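Keep the structure open as you read.

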Amino acid sequence: MRPARESQHRLADEIVGRLARQHSTAVVLFHHAVAERLGLGPSDHKCLDLLRERGPMAGSDLGAITGLTSGAITGVVARLEQAGYTRREPDPHDGRKQVLYLALKRLHIHDVIDPLRKDVAALLENFDTHQLTAIGEFLARTTDLIYRHAALLRAETISDVGRTRVTPRTLGSNSSRTKSERKVPR
């Protein structure tokens with residue numbers, strides 16, 4: 001492999017192996033701190049974010065996107081409504097459903113996040129148009145990949161319900177069965 005190609009592979013490995021993981025962890029911890037500041041739980045905060053991003057939707061749609069149970073979504077919706085962030089209205093197409101809307105034009109969340117937004121905007125001033133295009137494309141594409149892989153993980157988890165997982169504990173408890181008789185994970 002040519003030295004330039006090797007260098008590119010090392011950099012890609014560094015991005016995927018360490019930098020993206022560290023970035024993800026920092027983002028999760030930041031959003032936990034934002035949720036705390038808003039008096040919300042992390043799931044509440046991210047559900048609010050989804051409503052801001054995708055617009056009004058039914059609680060069941062929010063549950064489908066997040067993977068939260070209907071009971072968990074009911075709690076999230078109640079907390080967001082009680083805090084004044086959302087309101088519920090009957091679905092005009094299905095009277096059994098309620099649609100969630102943002103209750104405020106400008107949410108308090110902007111006040112909490114704006115200092116970071118300003119710092120990131122200042123950081124981005126150090127990049128040229130081509131670099132900014134690459135950064136934007138990378139973020140958009142990885143966001144799509146993350147949503148897709150989250151859905152795949154949820155689908156695998158749902159299909160695994162009821163299957164016996166092999167762990168050291170389960171292996172010890174059914175040691176009288178032959179190896180081929182034991183259920184193994186996919």
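In strand 3, valine 99 is the bridge partner of alanine 58. This is a predicted model. The bridges below come from that model, and the sheet is the place to start.

- Three strands make up an open sheet, in the order 1-3-2. Their pairing is antiparallel.
- Strand 1 and strand 2 are the edge strands, and each of them pairs on one side only.
- Strand 1 covers residues 57-58, and strand 3 covers residues 98-102. Two bridges join this antiparallel pair.
- Strand 2 covers residues 86-90 and runs antiparallel to strand 3, with five bridges between them.
- Threonine 86 has leucine 102 of strand 3 as its bridge partner. Arginine 88 has leucine 100 of strand 3.
- What holds such strands together? Strands of a sheet pair through backbone hydrogen bonds, and the pairing can be parallel or antiparallel.

**Overall fold**

- The protein has seven helices and three strands.
- Read from the N terminus, the order of elements is α-α-β-α-α-β-β-α-α-α.
- The protein has 186 residues, and 19% of them count as buried.
- Take the contacts with a separation of 6 or more: 44% of them link residues 24 or more positions apart.

- Helix 1 spans residues 3-38 and contains histidine 31. Histidine 32 lies in helix 1 as well.
- Is histidine 31 buried or exposed? Histidine 31 is buried, because its relative accessible area is 17%, under the 20% cut-off.
- Histidine 32 has 34% relative accessibility, so it counts as partly exposed. That class lies between the 20% and 50% cut-offs.
- The side chain of histidine 31 makes a polar contact with the side chain of histidine 45, at 2.8 Å.
- Leaving out residues up to four places away in sequence, histidine 31 touches His45 and Lys46.
- Histidine 32 and lysine 46 are 14 residues apart in sequence. Their C-alpha atoms are 9.5 Å apart in space.

**The largest pocket**

- The largest pocket has a volume of about 2500 Å³.
- Its lining is made by 47 residues. Nearest the centre of the pocket lie His23, Val27, Leu139, Thr143 and Ile146.
- Which elements give two or more residues to this lining? They are helix 1, helix 2 (42-54), helix 3 (59-66), helix 5 (108-124) and helix 6 (129-160).
- Helix 6 provides the largest share of the lining, with 13 residues.
- Rolling a probe the size of a water molecule over the atoms shows where empty space is left.

**Confidence**

- The mean pLDDT of the protein is 84. A value of 70 or more is reached by 84% of its residues.
- Where pLDDT is low, the predicted coordinates should not be read in detail.

Terms used
Residues are numbered from 1 along each chain as its sequence is written. This is a predicted model: local features need pLDDT of at least 70, side-chain atom pairs count only at pLDDT 80 or more; totals for chains, interfaces and linings use all residues. Side-chain values use heavy atoms; hydrogens and water are left out. Helices (H or I, at least four residues) and strands (E, at least two) are DSSP runs, numbered from the N terminus. Buried means under 20% relative accessible area, exposed over 50%, partly exposed in between (1.4 Å probe, protein chains only). A polar contact is a pair of N or O atoms within 3.5 Å; within protein, one must be able to donate a hydrogen and the other to accept it, and residues adjacent in sequence count only if both atoms are side-chain atoms. Contact means heavy atoms within 4.5 Å. pLDDT is the predictor's confidence in each residue, from 0 to 100. Two strands pair if DSSP finds at least two bridges between them. On a 1 Å grid over the protein atoms alone, a cavity is a set of points where a 1.4 Å probe fits but cannot get out, and a pocket is an open set with protein on both sides within 12 Å along at least five of seven lines; lining residues have an atom within 4 Å of a point. Grid points are joined across faces, edges and corners, and a volume is the space filled by probe spheres set on the points.
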